[in-house]
Amino acid sequence: MMRVGFLLNHEAPHQVLHAAPVAAGLSRRHGHAVVLLTAGPAVEAVLERVLSLYPDHRCRSIRLAVPTPVRWGAAALKPAVHAGKAARLRLNRDKLAACDAVVTPEKTSLALRDDPALRHLVMIHTRHGAGDRAVGFDARASRFDLVLAAGEKVRERLITEGGVAADRCRVVGYPKFDVAPQLARPTRPFADDRPVVLYNPHYSNRESSWPRWGRRVLDFFRESPAYNLIFAPHPVLYSRPLRHRARPLQRWRGRHGIHVDTGSDACFDMSHVLAADIYLGDVSSQVYEFLWRPRPCVFLDAHDLTGSEPAANLAMWRAGEVVRDIDQLPAALDRARGAPSAYRAEQDALFAATFDHDPDTPAGARAADVIAGFLHR
């Protein structure tokens, strides 16, 4: 029996659903000692929701301890940088050293590779999200001993662009789909039956529509008699507001036809995704979760990315119309509403390439089996 730590080291809990089903599967199916190493109460609350779907799991949860002065300092820096992540890794070396393997959904944990006391760790990357941005396929991926991919498209790019060895990159499906549809509360927070648009900008200043066009988008919906809006950006946008140019939202909060949510569980448990009729975004991978139930999409290219980015990095934009002039947004939304199946064939093809869905075996169980086999080998 090996001791496997699932490292959930992000203060925002949006990554939990990508790893917790795997942890539950590993503890249930293979008898390894599974320890969930958590960043704090927000993560633990979401973990509790996920693990409630696996009542026979045998995972144990430990919070990564940080002294109060360090915690206060990290909180002061949080608007610009997640300083707490590095501090938790540094200050909990004993808990990490007690593990034989560490499974994690993010890449900052690769800092453990530089600690001589932790070089015995087998490091496994579940990834989080299934988007097309280049950062998801950079060379850091090759530093993991094993990388799990949602589908064949993702695996091929990890091998060809990230340098991951073919025998260390396995397709397992998308564990989030095991649990999110059951956890979601897809309520429509509007009294009328106007179509609901989900505006989901990414946090990347170089790629997001938010810094350049975001306020104009919200102003359009504030005056629109035709649509309701759920504004639910990537959770990191408002957890690091200085770094990602977030703006106060009082001008739109409480307005008829606009629901603002910058960080509740609904932003990542597919509640908003399932409640919306039209997806409006830029480069967030959440569009692929929206396509779990295909509906119209519209994309905002505020940086002329189509003129500078390789096509593979923008593959998701084949799922709908791309707006390159913000004045064209109303017409694009009307076209999406009027022809909801116009991009259905592309949406189905993109979803199939991105996610290897096996109706007989949940992705969390598939991932657990792959990890157990790898550790045994």
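**Notebook: salt bridges, backbone and overall form**

I began with D56, which forms a salt bridge with R28, the closest N and O atoms being 2.7 Å apart. D56 lies in the loop between α2 (41-51) and β3 (60-63) and R28 in helix α1 (residues 16-29), so the pair ties together parts that are 28 residues apart in sequence. I took a salt bridge to be a side-chain nitrogen of Lys or Arg within 4 Å of a carboxyl oxygen of Asp or Glu. Helices (H or I, at least four residues) and strands (E, at least two) were read as DSSP runs, numbered from the N terminus.

I noted that this is a predicted model, in which local features need pLDDT of at least 70 and side-chain atom pairs count only at pLDDT 80 or more, while totals for chains, interfaces and linings use all residues. Residues are numbered from 1 along each chain as its sequence is written, and side-chain values use heavy atoms, with hydrogens and water left out.

**Entry: exposure of the first pair**

I looked up the relative accessible area of both partners, with buried meaning under 20%, exposed over 50%, and partly exposed in between (1.4 Å probe, protein chains only). D56 is partly exposed at 42%. R28 is also partly exposed, at 37%.

**Entry: further salt bridges**

I recorded a count of 29 salt bridges. Among them, R251 and D219 meet through their side chains at 3.2 Å, N to O. R251 is in the loop between α9 (235-239) and β10 (258-260) and D219 in helix α8 (residues 210-223), so this pair ties together parts that are 32 residues apart in sequence. The relative accessibility of R251 is 43%, which counts as partly exposed. I also found that R133, R206, E207 and E309 are joined into one network by salt bridges that share partners.

R155 and E152 form a salt bridge with an N to O distance of 3.6 Å. Both residues lie in helix α6 (residues 152-160), three residues apart, about one turn of the helix. E152 is partly exposed, with a relative accessible area of 37%.

**Entry: positive phi**

Which residues did I find with a positive phi although they are not glycine? R127 has a value of about 65°, and D304 has one of about 50°. R127 sits in the loop between β5 (122-125) and β6 (146-149), and D304 in the loop between β12 (297-300) and β13 (321-323). Are these two residues buried or partly exposed? R127 is buried, with a relative accessible area of 9%, whereas D304 is partly exposed at 47%.

**Entry: the protein as a whole**

I counted 14 helices and 13 strands in the protein. The radius of gyration is 21 Å, close to the 21 Å that the globule rule gives for 377 residues, so the protein is as compact as a globular protein of that length. This radius is taken over C-alpha atoms, and the rule is 2.2 Å times the number of residues to the power 0.38. The C-alpha trace spans about 60 × 45 × 40 Å along its principal axes.

Buried residues make up 58% of the 377 residues. I looked at contacts (heavy atoms within 4.5 Å): among those between residues at least 6 apart in sequence, 69% join residues at least 24 apart.
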